[in-house]
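Work through the exercises below with the structure in view. Each task is followed by a solution that goes step by step.

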Protein chains: 4
Amino acid sequence: MDMQAVLDRIHDEAQPLLGQGRVASYIPELAKVPLQRFGMAVSMLDGRLYTVGDAREDFSIQSVSKLFSLTLAFQLVGDALWERVGREPSGTAFNSLVQLETEQGKPRNPFLNAGALVVTDVLSTRFVQPEMALVEFLRRLSGNAGLQYDDAVARSELATGSRNRAMGHFMHSFGNLKNPVDAVIEAYCRHCAIRMNCVDLARAVGFLANGGVSPVGGEQVLDASSAKRLSALMLTCGTYDAAGDFAYRVGIPAKSGVGGGIVAHIPRTLGVCVWSPRLEHTGNSLAGSFALERFTSLIGQSLF
Amino acid sequence: MDMQAVLDRIHDEAQPLLGQGRVASYIPELAKVPLQRFGMAVSMLDGRLYTVGDAREDFSIQSVSKLFSLTLAFQLVGDALWERVGREPSGTAFNSLVQLETEQGKPRNPFLNAGALVVTDVLSTRFVQPEMALVEFLRRLSGNAGLQYDDAVARSELATGSRNRAMGHFMHSFGNLKNPVDAVIEAYCRHCAIRMNCVDLARAVGFLANGGVSPVGGEQVLDASSAKRLSALMLTCGTYDAAGDFAYRVGIPAKSGVGGGIVAHIPRTLGVCVWSPRLEHTGNSLAGSFALERFTSLIGQSLF
Amino acid sequence: MDMQAVLDRIHDEAQPLLGQGRVASYIPELAKVPLQRFGMAVSMLDGRLYTVGDAREDFSIQSVSKLFSLTLAFQLVGDALWERVGREPSGTAFNSLVQLETEQGKPRNPFLNAGALVVTDVLSTRFVQPEMALVEFLRRLSGNAGLQYDDAVARSELATGSRNRAMGHFMHSFGNLKNPVDAVIEAYCRHCAIRMNCVDLARAVGFLANGGVSPVGGEQVLDASSAKRLSALMLTCGTYDAAGDFAYRVGIPAKSGVGGGIVAHIPRTLGVCVWSPRLEHTGNSLAGSFALERFTSLIGQSLF
Amino acid sequence: MDMQAVLDRIHDEAQPLLGQGRVASYIPELAKVPLQRFGMAVSMLDGRLYTVGDAREDFSIQSVSKLFSLTLAFQLVGDALWERVGREPSGTAFNSLVQLETEQGKPRNPFLNAGALVVTDVLSTRFVQPEMALVEFLRRLSGNAGLQYDDAVARSELATGSRNRAMGHFMHSFGNLKNPVDAVIEAYCRHCAIRMNCVDLARAVGFLANGGVSPVGGEQVLDASSAKRLSALMLTCGTYDAAGDFAYRVGIPAKSGVGGGIVAHIPRTLGVCVWSPRLEHTGNSLAGSFALERFTSLIGQSLF
């Protein structure tokens with residue numbers, strides 16, 4: 001089956017699922033999104049692009065941003081980052097403070113909210129406008145110069161972000177946040193509020209499949225070894241507390257967000273992004289998880 | 001042995017202990033206090049006063065304030081308070097967030113930092129200046145019109161209060177803090193920074209031993225039943241995570257603070273306060289705990 | 001109001017509660033007990049006895065036995081016991097293993113199942129038949145030479161005691177159980193299965209109110225100081241994870257069991273026992289808790 | 001560099017590490033093993049075999065057995081297994097009971113001790129001698145008909161296995177262990193005590209790299225999809241609480257044991273086993289972890 005046929009078939013199979021699952025309601029602005037949506041894009045490393053459904057409709061990338069802010073911070077400080085944030089799956093909810101207390105303010109991995117706050121703190125030390133640093137990075141990676149964050153969503157998230165604020169002050173109490181907590185939280189909320197579509201993200205993630213080189217602009221984003229290592233981290237920690245199950249069912253590195261997007265890649269082959277707003281109880285897109293499971297099965301490729 | 005002889009003997013016996021233990025260092029201003037201090041005061045319900053050592057030297061009351069802010073909040077809202085804070089010992093450190101997560105933002109008791117923040121939130125809803133409301137309450141209870149909080153200590157605590165701020169935002173995320181977190185934290189830090197001496201506090205606690213009526217001014221602070229109940233709470237929860245041990249060894253209701261003060265009372269008999277700055281690992285004054293254990297033993301009275 | 005009138009009134013007031021609450025169902029034999037029962041007995045230190053309702057009907061004392069096995073172990077090893085079991089309220093369920101793991105196999109207090117297993121281990125080291133040692137101790141304390149444990153209940157509890165067995169092996173792995181785990185569990189289940197009535201228990205607990213001397217036989221069970229200390233422990237830890245609430249509402253030292261019995265005492269005055277099989281969610285007798293709260297209120301005495 | 005040269009180089013580089021790390025001492029028999037050992041074997045799917053050092057010296061496979069007992073149980077009950085054990089990394093130590101309590105007796109994954117006990121329970125329901133079922137399975141997979149478990153090690157582990165016994169009874173209390181706990185523990189200890197060498201294990205793991213078909217005997221052990229899925233589980237959960245770090249550094253599916261062995265594979269390519277007895281604090285072989293990190297780096301292959 002050719003790639004377009006694969007996407008068309010997944011699109012058909014996913015239709016009955018679009019009414020299932022719930023949308024994230026804790027950010028009021030996010031709850032306003034139209035729900036009956038499904039888009040998917042595959043960007044081959046040779047430049048060919050395949051799309052289906054709402055692949056060009058923008059959505060809030062939310063925690064998908066954590067993959068790219070991590071990459072940017074890793075460019076800046078390299079392995080020194082791991083002194084401040086771990087590389088292990090958490091075994092607890094994405095916004096839990098329990099683990100932070102047990103492990104003295106060091107988050108288990110950079111894809112938890114607490115870990116992403118440390119990452120944002122690293123960016124805040126280096127950049128005057130850490131939110132625009134990430135926006136510009138994603139513009140280069142995706143080739144879409146018009147990317148921007150949605151200020152209404154960012155402000156909605158800020159207004160309801162007591163839990164993130166609690167984490168920030170908690171890590172500050174352990175000395176693991178260096179910049180003013182309010183400023184770090186604000187930058188973090190803006191990162192989450194960046195709007196992109198499936199095509200943008202399928203292209204942007206390509207560098208991880210391509211030995212660290214962006215297939216869009218040719219930029220050497222990371223060395224090949226680091227690209228492999230961040231991919232391993234996606235596999236073990238990228239889909240909240242369901243990473244083990246996701247690896248079991250789908251078998252490729254992925255990072256999801258509560259906006260309903262999931263980016264993933266197959267090393268040496270392609271970048272892929274799927275979007276559908278309704279979520280499983282794990283916080284991952286319900287139709288999106290299904291789509292990726294079918295995808296690796298239909299094309300007969302996974303890591304294993 | 002008469003009461004003065006009891007105090008003199010305890011004072012003698014305590015001398016070798018004054019060099020042991022450590023002072024709370026997380027609040028820089030507190031660490032500046034002179035360490036070789038020991039004072040004790042007993043205020044009989046009939047007005048007789050006994051003192052020894054540094055009983056008239058002011059110190060930072062710190063968590064001893066939690067007993068009086070609780071009394072004030074209980075005057076305002078009565079048993080409705082228990083919908084927002086529990087009455088059980090915690091089994092965890094005084095500044096732990098773990099329990100808060102497990103129990104959905106409801107602190108186990110009002111003598112934990114988190115519980116005292118809820119209490120302060122209640123006062124913040126009712127009073128424009130919740131810090132002065134407590135200062136004035138303590139002026140009336142002690143008969144010392146000159147009481148004040150120490151602004152340098154309050155600011156020092158505010159500057160280092162990331163853990164309390166984390167708790168505040170965390171409870172706010174569960175809807176259990178109603179006022180702006182920063183304002184509540186500020187009032188709380190000023191409560192902790194009130195300066196009093198042993199004589200002031202031995203008098204101030206008298207109402208709990210006296211059926212709710214202040215032996216100083218005759219004010220009906222609480223009804224008799226409520227006075228008993230708050231005393232029970234002191235016994236089970238008043239000395240951090242050492243309350244069981246303290247009840248076992250001392251056997252009377254007490255509330256301690258990291259400034260080295262401990263207030264206690266014997267129902268229908270007396271109020272007592274001891275102060276010595278160096279602390280046990282539990283956060284209670286080392287010489288102070290010893291002094292109260294000797295006190296109930298020498299006068300042959302405890303609850304049991 | 002005289003004592004008999006107090007008991008009669010409580011008996012009347014308790015009637016509407018007898019249909020509420022649930023019976024412990026995890027021990028099948030226990031679930032067979034008749035439910036519409038309420039008995040209460042007060043044994044004054046001078047020997048006068050007051051009873052109401054089903055005060056002479058035997059019931060399974062269950063965790064009430066922990067108070068007496070503790071006393072027996074304390075006679076044997078004294079304060080050395082506290083190296084193996086703590087004196088702090090737990091903040092967790094009576095059968096939780098979490099705390100044991102955090103604190104390296106040392107139970108928080110002797111009234112948790114894990115703590116009572118350590119106590120039983122102490123008795124198992126000293127006595128060939130630790131179950132009969134406790135039975136005989138209770139015969140002396142109550143003056144009832146016919147006491148016995150119910151073998152059917154003991155075997156029912158043994159058959160369903162996987163959680164206790166897990167605790168036993170867990171503590172054994174930390175070196176805090178010395179005898180074979182199965183033997184300790186068996187003795188423990190027989191302790192729980194002892195049958196007594198309210199009159200027996202009100203008399204048996206009297207030594208704690210009487211400076212350590214049994215008012216029944218005159219035996220010096222403990223020295224006066226130790227009697228006070230175990231009483232303090234009852235107050236802070238005796239009623240499962242509701243000890244703080246119980247102290248707040250009732251205000252006297254008490255120990256409850258899932259068989260529906262609660263023993264308590266007022267120092268220098270009386271021993272009391274109430275029994276009613278249906279339980280609150282905390283595991284304490286529902287009508288029994290109500291009865292003791294009314295009791296201290298009507299006679300105008302509590303510790304505080 | 002050809003494969004033999006790769007192994008020779010790793011062997012040289014590993015020498016300085018052989019004196020570092022500690023041996024597992026909680027099983028006395030295991031502590032008797034000679035420490036200065038290092039062996040490694042690579043078994044290509046086409047049958048070529050490469051070895052270095054002590055690749056033919058037998059050792060106790062310990063938790064490496066969990067991979068094969070899981071495979072056997074999965075053959076029997078398929079996806080129904082996941083109703084009794086999860087597929088998520090644990091975030092806690094391999095022998096923690098905390099997670100079991102929080103999640104009602106369902107272990108997080110089959111590579112934790114608790115999870116392997118559930119797996120062994122499945123085998124105990126099906127086989128009269130579950131230990132011999134696994135031994136015979138491994139004889140077929142490795143082509144070594146002489147494999148056996150070491151009874152002295154099994155008995156040593158049984159004698160010191162209080163923690164495992166605690167877990168067994170704990171899961172039994174939740175209904176998640178069906179057979180008598182003692183029998184399951186005994187079979188489990190015998191599984192751990194199986195003796196194999198690097199050559200045996202490199203061959204035995206080959207079926208996971210080969211679409212589920214054993215490259216030794218041609219047996220279809222699992223269907224291709226299941227082989228992929230168990231491999232994903234190895235990657236996310238196979239190396240204790242260091243699985244994230246291991247995936248990050250090494251990047252291939254692996255399962256380790258406290259006997260110092262680690263098996264791993266590269267899909268469609270090879271099976272590999274390394275052995276060196278001294279361990280990192282995570283419980284994984286120190287020189288073994290280093291060797292596999294160098295291996296994927298030198299041959300330029302990992303999953304990512």
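**Exercise 1. Describe the contact between chain D and chain A.**

Step 1. Count the residues: 29 of chain D are in contact with 29 of chain A, where contact means that the C-beta atoms of two residues, placed from the backbone, lie within 7 Å. The model is predicted: local features need pLDDT of at least 70, side-chain atom pairs count only at pLDDT 80 or more, and totals for chains, interfaces and linings use all residues. Residues are numbered from 1 along each chain as its sequence is written, while chains are lettered from A and ligands numbered from 1 in the order in which they are written.

Step 2. Find the helices involved. On the side of chain D that touches chain A, α11 (224-237) and α12 (243-249) of chain D each supply at least two residues. Helices (H or I, at least four residues) and strands (E, at least two) are DSSP runs, numbered from the N terminus.

Step 3. Find the main contributor: α11(D) gives the most to this side, with eight residues.

Step 4. Sort the residues of that side of chain D by type. Twelve are nonpolar, ten polar and seven charged. Here Ala, Val, Leu, Ile, Met, Phe, Trp, Tyr, Cys and Pro count as nonpolar, Asp, Glu, Lys and Arg as charged, and the others, Gly among them, as polar.

**Exercise 2. Describe the contact between chain B and chain C, and the relation of these two chains.**

Step 1. In this pair, 29 residues of chain B are in contact with 29 residues of chain C.

Step 2. Both α11 (224-237) and α12 (243-249) of chain B supply at least two residues to the side that touches chain C. The largest share, eight residues, is that of α11(B).

Step 3. By type, this side of chain B divides into twelve nonpolar, ten polar and seven charged residues.

Step 4. The same surface serves both copies, as 100% of the contact residues of chain B recur in chain C.

**Exercise 3. Which pairs of chains do not touch?**

Step 1. Chain A and chain C have no contact, and their closest C-alpha atoms lie 11 Å apart.

Step 2. Chain B and chain D do not touch either; the distance between their nearest C-alpha atoms is 11 Å.

**Exercise 4. Describe the build of chain A.**

Step 1. Count the elements: chain A has 13 helices and eight strands.

Step 2. Check the radius of gyration, taken over C-alpha atoms, against the globule rule, 2.2 Å times the number of residues to the power 0.38. The radius of chain A is 18 Å, close to the 19 Å that the rule gives for 304 residues, so chain A is as compact as a globular protein of that length.

Step 3. Take the box along the principal axes: the C-alpha atoms of chain A fill roughly 55 × 40 × 35 Å.

Step 4. Look at burial. A residue is buried if 20 or more other C-beta atoms, placed from the backbone, lie within 10 Å of its own, exposed if 12 or fewer, and partly exposed in between. Of the 304 residues of chain A, 62% count as buried.

**Exercise 5. Are Gln104(D) and Tyr240(D) buried or exposed?**

Step 1. Gln104(D) lies in the loop between α3 (98-102) and α4 (113-126) of chain D. Although not a glycine, Gln104(D) has a positive phi of about 60°. With 10 C-beta neighbours inside 10 Å, Gln104(D) counts as exposed.

Step 2. Tyr240(D) is placed in the loop between α11 and α12 of chain D, and its phi is near 55°, a positive value. Tyr240(D) is buried, with 23 other C-beta atoms within 10 Å.
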